[in-house]
Amino acid sequence: MAAAQGAGSGSAGPSGPPGSAPGHSSSSTAVAVWEWQDEFGRWRPYRGNVCSYIEQVIQASQQKGRRSGSGLVSSIPLGHADPALAPYVIDIPSLTQFRQDTGTMRAVRRHVFPGDSAAGQGIVWEWQNDEGGWSPYEMNVCVFLEQARATNHQRVDLGPLGYNYEVDFVAQVQTNKSTRFRRSVQRRLDAPYPVTTSTTPLHTGVGCSCQQCWPNSGTGPITTRYRHSMTNFPNSSTTHQVPGRTASVSSSNVGFVPYNKPALTGAKSTPRLNAQNTLVLAQTGSLNAALAASNGVSVQALPVKMSKPSRVSQALAATPTEPESVVKKYLEELKGAAADEDCMICMEKLSSPSGYSDSCQSSTIRPEAVGRLRNCQHSFHMLCMLAMYSNGNKDGSLQCPSCKTIYGEKTGTQPKGKMEISTFPQSLPGHKDCGTIRIVYHISRGIQGPEHPNPGMPYTARGFPRYCYLPDNEKGRKVLELLKVAWKRRLIFTVGTSNTTGESNTVVWNEIHHKTEMDSNLSGHGYPDPNYLDNVLAELAAQGVTEDCLGQ
């Protein structure tokens, strides 16, 4: 990867948008960029090699179809292009990315850009995030910025692309037009995206109503493949960058990789407020270990006692639950001919052997064995469920990839730490009838355990303590109690790759959204947000944390 380049030319130029407005180009050479939509509505491009693989599979399928009359390939397992993406499959008919171990669905799309655009040249534009790292702009923004720079613009307005920012190429800064908050920007070189012979119009920036932009801007129709109810489809709202301290709320990888977890086998601070009723939750295995402090000063959590061996030995000491036993506990093996349906994990027919039969070995589960989950009655290859379970932290629980029903008590991989709860009378925007609950999370650096991406290696803990806010009303207190359960079960954080900085082996949020700002919700991390409490309750439920857990 080339070093960062200076952005912009010293020569004078117009300050408006590029002379050629974003739209369609007549360039004859084109490159294809496949992107997935994150939880904030931003489109994240896959790496060039992954896009190349997707294009190759589709092209091969088209050629085979012309010869045999068969239809286009329906699913593409991304692990074949990048082992880190083994949990992911792209369903082509519905333009959806499916994460096999959690059932999370995300929209995908294919955009075609001119070969002489930023995408075709491997040029990436990035903005500096709060932690000092660099985050890439969406590909259409990169193309727009590169076109402006090439036509000697000194600055450009990103308003046409839905962003409330100006970029100054001379000063190499991005400025929020409302707050005047500034961030550095940079231009760097990366690998170009694959050349395509697609005859669709070439997309060079802002989405329009052409046949390429319109149908591919969302999830598309859901085919009969998804025969059960699905959740976690991404919303389509545009969320701007955070003007101050932020928290990334997903363990998704930065920029190009949507998930940081071992492959399936084979396949910024806010001022401290005067607090009242402070509660400290130590992650010592029981909520009864919580300590109260009446003077408003945080009480130190009880330390987790560790044995004498080295920290590396301690981290590697845990013993996982036997995978085959867990699978057989929750799935009933079906006898006779399997139904003419797809296994949602490997996307092969249930009447055929598991798609993981070449990479996941078991002495007690046959590749063709099909099992039905005992409560929700959804069926999968038992070997696929074994591969999915073996890819997680092996806590003795299973989650149905289809309806997300959880069997057993789901636990996560959150490192040890401390959770503080306090209240104060100031109201949050949108909740003027009550005070505020403040949660402070403390986690320190340490050594990764066997459930983490790189056992025995150190992990960092950036941005701690982290401050989060809830309205002190009935529903907010309900969310708080469930967050305590999620903390106990190690579900709030995990170790992975930061969605903000791109740093790997660091503590990141784990799919349960938190409000880290009291107001100014331009970022999506503050208030007002009338749907937040309901949304976070749904996210907690997806992790198996519901009202039924309270009092246990």
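Predicted model: local features only at pLDDT ≥ 70, side-chain atom pairs only at ≥ 80, totals over all residues.
Residues are numbered from 1 along each chain as its sequence is written, and side-chain values use heavy atoms, with hydrogens and water left out.

**Helices α7 and α8**

- Helix α7 spans residues 474-488 and helix α8 spans residues 532-542. Helices here are DSSP runs (H or I, at least four residues), as are strands (E, at least two), numbered from the N terminus.
- The two axes come within 10 Å and cross at roughly 25°. Axes are lines fitted to C-alpha atoms, for helices over the stretch in contact, with angles from 0 to 180 degrees between N-to-C directions.
- α7 and α8 are therefore roughly parallel to each other (angles under 35 degrees).
- On the α7 side, Lys475, Gly476, Lys478, Val479, Leu482, Leu483 and Ala486 make the contact (heavy atoms within 4.5 Å).
- On the α8 side, they meet Leu533, Asp534, Val536, Leu537 and Leu540.
- By class, this contact has eight nonpolar, one polar and three charged residues. Ala, Val, Leu, Ile, Met, Phe, Trp, Tyr, Cys and Pro count as nonpolar, Asp, Glu, Lys and Arg as charged, and the others, Gly among them, as polar.

**Burial of α8**

- Tyr532, Leu533, Val536, Leu537, Glu539, Leu540 and Ala542 of α8 are buried (under 20% relative accessible area, 1.4 Å probe, protein chains only).
- The cover over these buried residues includes β21 (398-399), β22 (406-407), β27 (466-471) and α7.

**Aromatic pairs**

- The structure holds nine aromatic pairs. Rings of Phe, Tyr and Trp (its six-membered ring) pair if their centres lie within 6.5 Å.
- Tyrosine 441 and tryptophan 509 have ring centres 6.1 Å apart and planes at 80°, so this pair is edge-to-face (planes over 60 degrees apart).
- That pair links distant parts of the chain, 68 residues apart: tyrosine 441 lies in strand β24 (residues 436-443) and tryptophan 509 in strand β29 (residues 506-509).
- Both tyrosine 441 and tryptophan 509 are buried.
- Tyrosine 527 and tyrosine 532 also form an edge-to-face pair, because their ring planes stand at 90°, with centres 6.1 Å apart.
- Tyrosine 527 counts as buried at 0% relative accessibility, and tyrosine 532 counts as buried at 5%.
- One aromatic cluster is formed by Tyr441, Phe464, Trp487, Phe493 and Trp509.

Definitions and conventions. Parallel < 35°, antiparallel > 145°, perpendicular 65-115°, else oblique. Phe/Tyr/Trp six-rings, centres within 6.5 Å; stacked < 30°, edge-to-face > 60°. Buried < 20%, exposed > 50% of the residue type's maximum accessible area, 1.4 Å probe, protein only.
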